[in-house]
Structures are given as structure tokens and as C-alpha cells.
Amino acid sequence: MMSKVLQFFLSIRLTVICLIILSVLVVWGTLYQVEYGLYQAQSRFFDSWIIWLFDWYVPFPGTQLVLFVLFINLMCNMMLRFSYGWNQIGIVTIHMGLMLLLAGGFVTQRFGQESFLSLFEGEGSNLASDYHKWEISAYKDSGMVRDVFAYDADYLEPGRKLDFGELGFSLTVNEYHENARA
């Protein structure tokens, strides 16, 4: 049993199939992005282990699953098939670089946080903005202290009333478009 599993992960055919599926996912995800936006395409194709086709009837491997299988395939081949010597240093270096690239991508995808900080010349700040988490906020500036009232955009829906308390006004959400730019 173990040798069949090992033979599966040592197969060059598995490598080629994974690379073909990755190519299909990149093209498909890029075309999907045109209609649904970058972050929808990223979460559906590139951050998922399984993609469900035809309204949850047919599973298709997501990029995370394919990259994981490709990493195991590469690791098994490096441990069991490669011969290490001065005449193989180029091949070994390339494959070690691929393993490092796959491992680094996984760590970044799982534990990284993306944000940005916009500054004009001479300006400073201790606040970074998140690319993915939006809010609607208003503030009252009273010298050195700023009272901020904010609502997370994840909870915005048509008909919801947002009360900005001490600022003396409220807003009612008419429409909310998740992929719109502010």
C-alpha cells in the first residue's frame, strides 16, 4: 500500500497533470476576474482547496490543493530519485528553489497581511489601511483627539440604518456593492 502511494507521488505524470491544472486555473481565474473582480477570483480560484462547478455538483481541484500535491511530488522526488553530486548541482539548485518558492508562497498566503499607507510629503501616520476590510466612518476632530465612529463594511446591507451617535446624524444604506471602489 505504501509503495503505491509513494509511486503515485513520485510520478512525473502527476507533475505534468498538476502543471496543466495550474495553467487552466490561472486562465480561468483571470477570465473570472473580469466579471467578478480581483478579490472574488482570488478567493474562488487561488485561495481555495476545492472549486465547486455547476452550483456545487462537481468538485474541481483548487490552486491550494494542486500546489500542495506538487510540493509533495517535488519533495518525494528530491529525497528518493535525485542523485546529488557536482554534475547535478544545477538541477538540484533549481528544484530547491522551486520548493522554497512553494513553501514561501504557502507561508505568505496563510500568515501574511496586506495593507497600505498613503502619505503626502512630510506627513506621518501610525495607521495602515487593509485592502480587504472596509468601513464607513465619520469623525469629530477636537484638537489632538479625534473621536471616530465606524461601521464595518461586512455588515452593510440595503435598509440598514447607521447611527453616528454624538456626531448628530445617521445614514441609511440604499445599495452596497462589494466590488466597488471607494
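What is the mean pLDDT of the chain, and what percentage of its residues reach 70 or more? The mean is 86, and 97% of the residues reach that value, where pLDDT is the predictor's confidence in each residue, from 0 to 100. The model is a predicted one, in which local features need pLDDT of at least 70 and side-chain atom pairs count only at pLDDT 80 or more, while totals for chains, interfaces and linings use all residues. Residues are numbered from 1 along each chain as its sequence is written, and side-chain values use heavy atoms, with hydrogens and water left out.

Elements are DSSP runs numbered from the N terminus: helices are H or I with at least four residues, strands E with at least two.

Helix packing comes next. Two packed helices are described by the angle between their axes and the distance between the axes. The axes of α2 and helix α4 (residues 63-80) come within 10 Å and cross at roughly 155 degrees; axes are lines fitted to C-alpha atoms, for helices over the stretch in contact, and angles run from 0 to 180 degrees between N-to-C directions. The pair is therefore roughly antiparallel (angles under 35 degrees count as roughly parallel, over 145 as roughly antiparallel, 65 to 115 as roughly perpendicular and the rest as oblique). On the α2 side, the contact (heavy atoms within 4.5 Å) is made by L14, T15, C18, L19, I21, L22 and L25, and on the α4 side by T63, V66, L67, V69, L70 and N73.

Helix α4 also meets helix α1 (residues 2-10), with axes that come within 8 Å and cross at roughly 105 degrees. That makes the two helices roughly perpendicular. Here L6, F9 and L10 of α1 face V69, I72, N73, C76, N77 and L80 of α4.

Two residues of α4 deserve a friendly look of their own. N77 lies in this helix and is buried, at a relative accessible area of 12% (buried means under 20%, exposed over 50%, partly exposed in between, with a 1.4 Å probe and protein chains only). Not counting residues up to four places away in sequence, N77 touches F9, L10 and F82. F71, also placed in α4, counts as partly exposed at 21% relative accessibility. With the sequence neighbours up to four places away left out, F71 touches M99, L102 and A103. F71 and L53 are 18 residues apart in sequence, and their C-alpha atoms are 25 Å apart in space.
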